[in-house]
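This report covers one protein chain and its side-chain contacts. Please look at the sequence and the model before reading on.

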Amino acid sequence: GRRTALLDALALGGVAAWAGAVLLAARDHLTLSVPGVEKDFRVFALRSAHLAGSFPAGTTDPALDGVLRADGFYNLGYPLLLWLTRPLASDNPFLAARLLAAFAGALLLLAGWLLARRLLGAAPALLALLLLALSPLVVQGALTLGTDMPFAAASALALALLVPPPTGRLAPWRYALAGLIAGLAFLLRHPGLLLLPFGWLAIGLGAAPGAPHNPRRAGLLAFSLAFAVAVAPQLYVNLRDAGAPLYSQQGKNVWQAVFGEGDWGRWAEARNDIGVAQVIAQDPARFAQNWWNNLRGFAGTGGEDTREFGQALQLRLLGFPANWLALAGLLGWAAALFTPRGSREGQIGRPESKHGGVLSRFSLPGLALLLAWVAIYVVAISVGLPLQGRFVLPLAPIYAAAAVWLLGALAGHISNTAGQASAGAAARTVRRAPTLLAALLLLPLLWGGFAIGAGQVLRS
């Protein structure tokens with residue numbers, strides 16, 4: 001209806017305004033900043049100068065470097081995007097990267113809005129968008145040069161397309177588009193490969209109960225073929241230059257994490273082609289301890305962490321108090337999966353009321369998939385270097401949706417427990433405009449997030 005169209009227009013306008021603010025702030029980003037984050041940009045800038053590249057000569061000779069060559073540490077996706085964008089930025093790779101980062105940040109916001117809209121409704125999606133737009137980590141990523149934000153945006157958009165809506169109806173074109181975007185995520189970073197088996201799982205769980213197998217097979221075929229088309233250039237150059245379609249030297253990063261102990265001066269102690277299996281074989285207990293430390297660092301360390309300050313990386317995805325609302329929301333999702341179904345159609349919550357209730361119907365398969373993706377992604381990336389906020393950016397839209405879901409659950413609880421006749425003004429407000437009320441309460445606490453995120457890049 002008109003109300004939904006107005007909310008959608010407001011969301012799209014908000015994303016455009018946010019992107020404009022990021023581009024304005026980016027004008028003060030004049031040199032590589034944030035030590036350890038943008039130091040790899042030189043590699044991308046050199047590769048983006050030419051489309052064709054030689055291997056291994058291109059790794060040491062800029063005149064022979066180019067996008068289409070094998071590289072064990074960096075896939076060709078980001079250099080290709082830079083090469084395509086440089087004509088719009090006076091052939092300056094730095095300026096092109098600033099444009100890419102801002103555009104990718106806007107795409108991440110759109111992905112988060114789309115995910116929340118399809119699962120929670122138009123009004124809650126607008127609130128989820130606000131949480132993302134004012135997240136310091138998201139703003140920082142949109143100003144940082146490199147693969148962080150483009151990969152996060154591609155991963156989040158593929159996820160939003162793959163998670164089934166409450167109706168459970170499938171659209172094969174959506175899976176084809178998701179396959180292309182998931183393939184782009186792999187071209188940007190190796191963990192994008194996780195989206196391939198996740199996509200198969202999502203398509204399998206997303207079919208409506210009792211639906212024939214043909215639509216499911218069509219979805220699997222569309223997604224897989226689209227993914228294969230997207231990653232074909234990378235597989236080709238890997239086979240041509242290194243003889244292996246999935247050529248990677250990421251095992252060296254795992255070695256650096258396990259045995260280098262954060263001292264990059266020891267980087268040369270291991271050869272570049274060392275495999276993860278070889279790292280594990282050297283000291284399985286040490287490898288497992290590094291993995292466990294990274295998992296604790298994401299979830300939250302406890303008293304066993306004797307440093308002055310502990311670590312809970314997931315709490316950095318959103319500003320306070322949205323971060324704690326998100327964590328409680330995720331726990332609520334997990335609990336919902338193991339509680340008896342009050343409704344046999346496989347949904348929790350209730351449809352949006354005519355007053356715009358925050359909590360709309362939520363697909364249990366979709367809920368399970370979101371939790372599964374958080375677990376799969378965190379477990380996979382924790383095998384290597386110590387986790388940083390930029391590594392977990394793809395999870396920010398999920399956390400925003402969880403925070404809004406919890407607010408909706410609280411609003412629904414107040415609405416159900418307070419009788420219509422005896423309810424006070426506060427309860428009536430919650431029933432009629434819960435999203436607006438939640439936004440008004442959170443906005444003063446989150447408002448400084450944009451400036452904080454921008455300052456992290458511009459002052460470094």
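Which residues form a nonpolar patch on the surface? The patch consists of Trp 173, Leu 177, Leu 180 and Val 229, with about 410 Å² of accessible area together. Patches of this kind are made of residues with over 30% relative accessible area and no salt bridge, nonpolar side chains (Val, Leu, Ile, Met, Phe, Trp, Tyr) being joined within 5 Å. Helix H8 (residues 172-188) gives the most to the patch, with three residues. Leu 177 lies in helix H8 and is partly exposed, at a relative accessible area of 34%. Buried means under 20% relative accessible area, exposed over 50%, and partly exposed in between (1.4 Å probe, protein chains only).

The model is predicted: local features need pLDDT of at least 70 and side-chain atom pairs count only at pLDDT 80 or more, while totals for chains, interfaces and linings use all residues. Residues are numbered from 1 along each chain as its sequence is written, and side-chain values use heavy atoms, with hydrogens and water left out.

**Overall figures**

The chain has 19 helices and two strands; these are DSSP runs numbered from the N terminus (helices H or I, at least four residues; strands E, at least two). Of its 460 residues, 52% count as buried. The accessible surface comes to about 20,300 Å², and 66% of this belongs to carbon and sulfur atoms; areas come from the Shrake-Rupley method with a 1.4 Å probe, and for residues only the protein chains shown count as cover. Among contacts (heavy atoms within 4.5 Å) with a separation of 6 or more, 71% are between residues 24 or more positions apart.

**Salt bridges**

Side chains of opposite charge can pair when their charged atoms come close. The rule here is a side-chain nitrogen of Lys or Arg within 4 Å of a carboxyl oxygen of Asp or Glu, and by this rule the count comes to 10 salt bridges. The table gives some of them.

| Pair | N to O distance |
|---|---|
| Asp 8 and Arg 117 | 2.9 Å |
| Arg 86 and Asp 91 | 3.1 Å |
| Arg 189 and Asp 148 | 2.1 Å |

Asp 8 in helix H1 (residues 2-26) and Arg 117 in helix H4 (residues 93-120) are 109 residues apart, and their pair links distant parts of the chain. Asp 8 is buried, with a relative accessible area of 17%, whereas Arg 117 is partly exposed at 28%.

In the pair of Arg 189 and Asp 148, both residues are buried. This pair also links distant parts of the chain, with Arg 189 in the loop between H8 and helix H9 (195-206) and Asp 148 in helix H7 (residues 148-162), 41 residues apart. A network of salt bridges links Asp 65, Arg 69 and Asp 71.

**Helix packing and a buried glutamine**

H1 and helix H5 (residues 122-133) pack at an angle of about 10°, with their axes 9 Å apart. Axes are lines fitted to C-alpha atoms, for helices over the stretch in contact, and angles run from 0 to 180 degrees between N-to-C directions. H1 is therefore roughly parallel to H5, a term for angles under 35 degrees. On the H1 side, the residues that meet H5 include Leu 7, Asp 8, Ala 11 and Trp 18; on the H5 side, Leu 126 and Leu 129 are among them.

Gln 234 is found in helix H10 (residues 213-242) and is buried, with a relative accessible area of 0%. Not counting residues up to four places away in sequence, Gln 234 touches Asn 75, Leu 76, Phe 186, Leu 187 and Pro 245.

Terms used:
Patches are made of residues with over 30% relative accessible area and no salt bridge: like charges are joined within 9 Å, nonpolar side chains (Val, Leu, Ile, Met, Phe, Trp, Tyr) within 5 Å. Angles under 35 degrees count as roughly parallel, over 145 as roughly antiparallel, 65 to 115 as roughly perpendicular and the rest as oblique.
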